[in-house]
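Here are a few exercises to work through with the model open. Try each one yourself before reading on to the solution.

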Amino acid sequence: MVASSNPFDDPIAETETAYTEQSSVEDKEFSASPAEASWQYLGDLPYRRIPIYSHVQWRSSCPSSMQQNCLAWYPQGLSKPQHLVDPKEIRNWYQTTTQTHVKACPHGGPIAACTAPLTDSFRTTQLRILTNSGQILSQQEFPPAEYRERYGAVDILCLGFTSRTTLVVVLNDSLCFTYNLKGQTLLQPFYVCQESIPLLQAKVYEGGVAVLTKNQDAAIAELLDHHDEEEYSQTAHLSAQRIDSDDMSHYALVTILPTSEYAKRHFCTFSTLAVFSRLRTTSQHPELFLSTSDNSVILVEVSTMKMTDVDCRARVNSPIVDMVFAPNGRFLACFTESCILTVISTSFETKVLDFDTSEGSQQIPSQMEWCGEDSVVLHWKGLGVLMVGPYGDWLRFPYEDDTVYIVPEIDCCRVITDSAIEILQRVPPVTAQMLSIGSIETSAMLVDASDAFYAGTSADDSTVRDIAASDQLLSAVETCLEAATREFDIVQQKRLLRAASYGMHFSYKSIESKGVVQPSPTAQEFVAAARKLRVLNRLRHPNVGWIATSAQYDAMTPIGVVARLIALQRPALACSISQYLGLPKSVQIFARASKAAAYVMAAEGTDAQVAEAATEIILGGAGDHSLHRGAYATVAMAANQAGRPGVANLLLLLETSVVDKVPALLSTGAYADAMAVATQARDLDFIFSTLMEYERSCLTNSNDVSKAQAAFLGMVVSKFTPEGFHTLRRYLQTTADVKNVTNLLIRAQQFGAAGTAMAQRALKEHDAREKQGLLAEASRIFSLGKDTALHKASTDDYAELIRDQETLRTKHNAPEVAPPSSSVTSTIASVIKFAAIQMRDQHRLFSDADKLAKKYRVPEKRFWHIQVTALAESQQWSNLRILSESKTKSPIGYKPFARAAIRGKQSSAEILKYIDRVSANEERYDLFCEASLWKRALEEAGKLKDTRRVLNVKTLCNSNEIQLLADEMLGRLAQ
Amino acid sequence: MLANMDNPGIVADKESEIILPPPTPLNPLPAVSVALRLDNKEQLLTLLQSDPSAGLASSSFRQLLVFGTESLRTLLLRQVLSDPHARTFQGKKKNWDSHLFFPLPASITIVGTQILNQEHGGDETEGNVDVITYFLSPADLSQMHLVAKYIRNLKKSFRIHHRLIFLPQPSAIIHKMMKDLGLTSAPNVSIHRLQMDIYPLETDVLSIEYNEAFRECAVESTPSSLISTVARSLLKLQDVCGKIPRIQAYGPLGEEVARKLFSLTVDEYLADRDRPEEQSGQVISGGDVTALIIIDRKVDLVTPMISPLTYEGLLDDVVGIDCGFITLDVSTINPDENDNTDALKQDQVKEKKKELVSLGVNGSDTLYAEVRDQHVEKFGSFLQNQAKALRESHANFTSKDKKKDLAEIHQFVKNIPVFTQNLRSLTNHIHLAELVKHTSEETTFRERWQMERSILEGDTCYDMLDDLVACQFPPYRFFRLLCLQSLCAGGIKSSRYDSLRRDVIQTYGYEYLFILGNLEKAGLLRRRDGLWIDTTSPFNNLRKSLILINAEVDTVEPDDVSYVSSGYAPISVRLIQTAMKGWNGRDEILREIPGRIVDVEQHSPPQDLASALKTPPNKTLGALAEVEVADGVKGKKPVLIVTYVGGVTFTELAALRFLSKRPSFPYHIVCLTTKVMNGCSFLQSLS
């Protein structure tokens with residue numbers, strides 16, 4: 001191991017022991033051999049094949065599978081052709097009658113495999129997700145049971161992974177299934193385009209899937225989740241349809257692109273498609289490339305449906321049959337009908353390469369993929385793999401099996417065969433420089449010197465001293481480190497690390513600042529490289545089976561690695577890696593929560609024990625519960641899924657985050673508790689979603705809708721918080737059927753409120769018959785309540801009033817006599833006012849008004865007020881006078897009369913007639929003022945002996961004469 | 001999304017130009033209102049500029065704006081989009097905008113604005129609109145039905161994109177309703193949020209514009225949304241002005257808001273898991289604001305029922321101020337002087353010239369700032385004097401007998417814009433003041449005021465209430481008095497109550513039965529069984545212990561907050577005054593206030609309310625201010641934010657400004673409210 005005085009080596013030594021077991025296994029796995037010996041040159045660039053796992057057993061948990069060792073899977077029932085006895089022939093027969101789809105997650109992730117018959121020779125097949133080392137992550141029969149009637153295995157068109165590790169399976173009629181790495185369905189299967197039209201092609205790309213139908217229409221389904229910004233879906237094309245998953249965490253945006261119109265107009269057909277990911281386009285929405293039968297390519301912008309012909313006819317001489325984008329998105333590899341591989345820039349402006357493959361095969365390759373960013377790999381059945389470099393150089397790799405699957409990666413490609421996985425990679429430049437035969441790079445010399453030193457052959461360190469003297473030592477050390485991280489062989493990794501460490505002995509200087517010794521940057525790099533290697537080696541260990549390269553690791557970021565490990569169901573490893581790398585606390589907590597969830601799923605023991613153990617895992621040594629809010633809820637949900645509600649409840653007691661607690665409580669069925677928590681947290685959205693969730697559960701648990709509704713309402717009334725109840729009431733009030741809300745209120749014995757809801761609906765109703773019905777019902781409900789007597793009486797009165805108004809209108813044959821109104825007063829007033837128009841009927845109208853007043857027991861005083869106001873408003877001044885002079889003395893006095901006259905701008909004489917009948921001096925004074933009869937007002941003030949009133953008159957009257965009088969009076973009063 | 005990148009301009013440019021004024025009693029936190037204003041404007045502009053259907057800001061599209069309420073239109077277009085404080089007007093006399101004219105930015109193609117509940121001509125818009133943007137309040141569920149109807153009417157054309165903007169955000173109920181109404185499945189309908197939590201209406205008045213506030217908690221019994229909205233707004237406010245060390249809350253809602261605020265603060269703190277470890281137990285310090293008082297409207301229901309007697313209060317009472325604007329007929333402030341003789345002719349003119357105008361009334365108008373809080377007995381003569389002074393200064397200068405040197409002329413010319421601005425404002429306000437005075441001198445107004453006063457002093461005026469119903473007094477004016485009676489006397493006598501209710505229903509209509517019910521639920525109205533003795537209502541006790549009635553107050557040169565209504569001091573303001581001295585030994589007051597009083601300090605790292613309550617602060621608010629003054633710049637008072645949960649009246653605002661200006665009061669006050677309202681709008685919001 002590395003021998004160094006560097007204190008920062010310590011963590012490595014320490015963790016080395018923790019990983020001993022692992023590295024010893026790997027030591028056996030790889031053998032040390034001169035690296036450069038196996039390099040092959042494509043032009044002058046070295047390429048290497050790195051066997052990662054050989055003798056892989058592609059496992060299947062299904063014992064009936066007939067080909068245990070293969071990625072292909074055939075059902076037992078498939079009849080063996082008796083005439084083929086040679087196992088090789090049988091194999092060949094299978095391969096010609098079925099097609100095995102093998103796709104892998106980018107960045108060295110797991111593999112999905114599925115065999116489909118070319119004819120309908122078997123109905124169902126196995127859809128497996130496996131690690132690179134052949135372990136099963138998930139396995140299920142495909143198509144799922146509920147689709148088996150309509151679909152069989154033969155319908156599988158294509159499958160693939162998106163960059164978010166979603167497995168997409170597309171059937172011939174564009175039905176699309178989505179799974180996560182655990183094999184759980186993410187979105188309910190959906191059609192990408194109209195189901196009746198069969199597909200020509202489907203391609204899964206980084207962000208979803210695109211299809212091309214036989215009638216030349218294209219469609220794209222973008223698979224998005226809560227990590228995508230919400231606005232994105234808002235900016236999609238108007239016709240885009242959004243499909244949400246049940247838990248709203250994932251969604252698909254499906255856009256159907258009417259490319260057939262274009263095809264018709266331009267008399268062409270489309271043969272293949274490729275999707276340019278939205279991360280690379282200027283529109284920030286994906287773009288579709290469709291190759292046409294007239295040697296060109298159509299570019300379709302998904303968000304605007306704009307179609308542009310890129311016109312590359314001059315550069316391509318026959319229709320393109322396959323297109324693949326390079327990992328960096330700058331180049332497009334096209335394979336044309338005339339067997340020419342053309343590499344062209346994505347803008348279609350520069351052609352990089354034309355390579356004729358027709359000499360080798362007249363066929364279209366079974367696979368064409370990029371290997372890193374600078375070569376294209378093609379595979380023909382029976383011919384092996386051809387690699388073509390940027391300058392037209394080529395290499396051929398023979399593979400014994402014909403079952404070769406190529407997975408493109410950002411810096412290499414994975415080649416999967418029936419029994420092995422290897423990486424085909426351009427040798428990283430640093431490695432190439434250093435390890436090529438006869439290299440005179442300083443780093444190569446450093447490695448040699450280090451080798452010699454450790455072999456004990458020579459103690460001559462002059463080479464290193466020379467390098468140190470030329471100031472190139474540090475860069476040599478760094479090159480060694482860099483090269484080490486790119487190696488797969490542990491022996492080689494160690495050799496290079498050792499060389500770096502050896503070199504550092506000659507250069508190491510600690511930087512001192514302010515008395516604190518800082519490690520040099522090189523030392524830090526050393527530690528970082530060693531850590532990265534440790535993680536990578538651990539990931540490549542067959543029991544994890546994740547073959548990420550250093551560049552892929554950097555592209556994913558350590559946090560991404562941890563997240564993927566959790567998705568791969570390796571939470572314990574994720575946990576220790578996040579801790580080992582010192583990742584942000586939030587990541588560590590997430591990893592620990594996942595670990596605890598995994599533990600709970602499998603654990604045995606009493607609820608208390610399991611909960612305690614889970615809590616311990618979550619806490620991970622730090623005792624502060626509040627730091628881990630959210631984690632408990634996650635684990636509790638898992639516990640609930642595993643059928644341990646007891647554990648879930650114990651864990652939820654520790655949860656303090658409402659955002660996480662409410663959904664967890666809902667999932668455990670503790671609706672009342674969820675409501676209590678939501679109410680306490682004052683979160684209306686949670687209150688409402690709890691209600692809806694509970695209603696849904698009531699409806700799904702019972703066959704009888706009305707019973708379920710009753711159970712739901714009963715629980716809301718009896719067990720939920722008042723605010724929960726009222727929120728439901730508010731919501732139900734918005735629904736079309738008033739019964740919804742009254743049912744709830746009646747169940748809660750709130751008859752007043754129930755009747756009110758009914759009556760308010762009646763007020764909005766325009767149809768007279770309906771209105772009466774609603775009012776009668778409201779009245780009935782009011783009669784059930786205790787203190788709703790007034791409500792009932794008023795409701796009945798109102799119903800009666802509407803009828804009376806109707807009668808009046810027919811009787812006088814005029815709508816104005818009693819326009820629809822809910823007020824007794826205004827009805828009486830309108831009757832009286834109508835007398836001004838219909839003079840002949842005055843008496844009848846007045847007696848009608850009288851009758852109304854009596855019928856509705858309008859108190860006498862109020863009736864008088866109504867009469868005065870109505871008469872004045874309709875200018876019936878003579879009638880007003882008659883009223884004032886009637887035999888009965890006015891119960892409201894004559895002030896209202898006077899006021900009405902004043903407001904009606906009647907003559908002073910008329911006004912005075914009324915004022916004279918007012919007895920109180922103060923009132924008279926006020927009335928005189930109001931009528932601007934200043935002189936009389938002044939007199940009144942005099943009688944009252946009130947200087948303030950006199951002064952008031954003086955300021956307001958605006959007349960010299962009265963002002964003089966006022967002064968006079970003031971003088972008198974002052975005496 | 002992209003709008004931000006393409007258009008960094010508009011707001012950012014102006015930002016550099018803004019020079020903050022120094023803090024004053026009426027503008028204690030200049031940076032806060034400016035920052036909020038800029039933020040709101042930027043959010044709204046970005047939204048208006050972005051095309052929901054394409055996602056690119058550059059493409060031009062025609063847009064129709066539809067608002068849930070008139071108030072919202074005024075708020076967004078007049079307050080947020082164009083700073084009413086900085087607007088200048090063209091023309092000689094003009095100081096207003098035509099009612100339907102909105103100062104919209106030229107860069108956006110807006111074809112028109114509409115109010116949701118009004119009848120609209122769907123067909124005429126159809127041809128030339130690409131996007132219809134709806135601005136809605138999530139609390140008003142009935143708006144959803146109107147929107148659905150609106151969209152259904154236009155359904156024929158699929159080309160129009162409808163975007164529904166919820167301020168501040170759509171709730172789960174809204175989402176469900178959208179689903180029920182079939183709006184979610186339509187591809188051309190999208191939902192957005194506009195997180196503008198606080199609107200600075202004035203430099204010292206910030207509003208959350210939550211119109212349904214009191215109704216939601218008192219009538220509907222679903223206070224959560226209000227509580228979290230207010231708490232979130234307070235959190236945002238603290239983002240701008242720094243954490244507030246001291247918090248007091250009155251009334252049940254006050255405590256709930258404080259609790260939610262504390263728990264949000266804790267959530268926010270804990271959400272940042274990768275923060276550095278902190279030492280515990282320190283009281284927060286160093287913000288711009290020293291203290292926060294949260295008042296539940298329920299603590300003081302009496303004040304909104306009282307008639308205001310300040311200029312602004314009366315103006316609101318007579319004309320109605322909404323979001324800092326009044327809408328009235330142009331002839332009110334710009335009467336045509338030629339034809340005022342012939343009455344008949346005038347009627348014709350009126351019919352012809354019913355042109356509505358919008359006029360901003362806010363503190364940036366220096367004249368208005370001075371006159372707004374003056375008592376009715378003062379502002380008339382004040383305005384006259386102003387006019388006289390203005391005329392004199394003008395006359396002084398133009399008179400030919402005086403000789404002027406060049407410097408004087410220069411000075412005069414420089415002052416001309418200020419002069420004309422003042423003159424315009426003065427003419428407007430003289431006309432408005434006439435209108436207001438006219439109303440306040442009416443007998444009914446006087447009678448109303450006298451009745452209010454006698455109810456406040458403990459009398460019962462059932463007979464007068466009877467008479468008012470009989471005379472068909474405007475219903476909400478009547479309810480104000482009825483509720484006042486109930487609040488002051490601890491309920492309406494049982495026998496009277498039934499007959500009054502019957503009268504109300506018969507007079508105003510059947511629907512008022514339910515309004516009465518709502519008033520009861522809200523605690524504004526109560527039946528009172530006759531067995532009790534009349535003098536022991538909580539209000540009666542408070543009247544004595546808080547000295548609410550001060551009949552001797554000088555209304556012209558006020559010396560007490562009670563000048564705002566000629567002798568009654570708003571309970572909430574008296575509480576603030578008392579809070580300065582602390583609550584020790586004032587149990588007789590605390591007993592009469594609903595809920596308990598919460599008095600806590602914010603610590604770092606944050607705690608929840610329960611643990612914060614365990615360590616009660618040892619200083620009164622007054623003493624705290626003294627410490628601040630001793631530490632800080634001399635002569636600068638610390639700032640207190642008063643939050644009214646459920647709305648604030650102009651009466652209270654005037655009283656708070658009075659306190660803020662007074663040297664004897666230890667704080668400058670900024671008021672945060674859910675809505676600026678008056679008694680009538682308050683009661684209307686409940687029905």
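**Exercise 1.** Does Arg682(A) count as buried or exposed, and at what relative accessibility?

*Solution.* A word on ground rules: this is a predicted model, where local features need pLDDT of at least 70, side-chain atom pairs count only at pLDDT 80 or more, and totals for chains, interfaces and linings use all residues. Residues are numbered from 1 along each chain as its sequence is written, chains are lettered from A and ligands numbered from 1 in the order in which they are written, and side-chain values use heavy atoms, with hydrogens and water left out.

Step 1: Buried means under 20% relative accessible area, exposed over 50%, and partly exposed in between (1.4 Å probe, protein chains only). Step 2: apply them. Arg682(A) has 14% relative accessibility, so it counts as buried. Arg682(A) sits in the loop between helix H19 (671-680) and helix H20 (684-701) of chain A; helices (H or I, at least four residues) and strands (E, at least two) are DSSP runs, numbered from the N terminus. Step 4: check the backbone. Arg682(A) isn't a glycine, yet its phi is positive, at about 60°.

**Exercise 2.** Find the loop that holds Asn813(A), and decide whether this residue is buried or exposed.

*Solution.* Start with the loop: Asn813(A) falls between helix H26 (789-812) and helix H27 (824-837) of chain A. Its phi is positive too, about 50°, and it is not a glycine. Most residues other than glycine have a negative phi, and most peptide bonds are trans. Now the surface: with a relative accessible area of 69%, Asn813(A) is exposed.

**Exercise 3.** What does the side chain of Arg924(A) reach, and which side chain does it pair with?

*Solution.* Locate it: Arg924(A) is in helix H33 (residues 921-930) of chain A. Arg924(A) is buried, at 13% relative accessible area. Then trace the side chain, which reaches the backbone oxygen of Val918(A) at 3.1 Å. Next comes Glu940(A), whose side chain is joined to that of Arg924(A) by a polar contact of 3.4 Å. (A polar contact is a pair of N or O atoms within 3.5 Å; within protein, one must be able to donate a hydrogen and the other to accept it, and residues adjacent in sequence count only if both atoms are side-chain atoms.)

**Exercise 4.** Which residues have the most contacts inside the largest nonpolar core?

*Solution.* First, the term: a nonpolar core is a set of buried Ala, Val, Leu, Ile, Met, Phe, Trp, Tyr and Cys residues joined through side-chain atoms within 4.5 Å. The largest has 235 residues, and the ones with the most contacts inside it are Phe135(B), Phe478(B), Phe479(B) and Leu524(B). Helix H20 (residues 475-489) of chain B gives the largest share of this core, nine residues. A second, separate core has 57 residues, including Val824(A) and Ala931(A).
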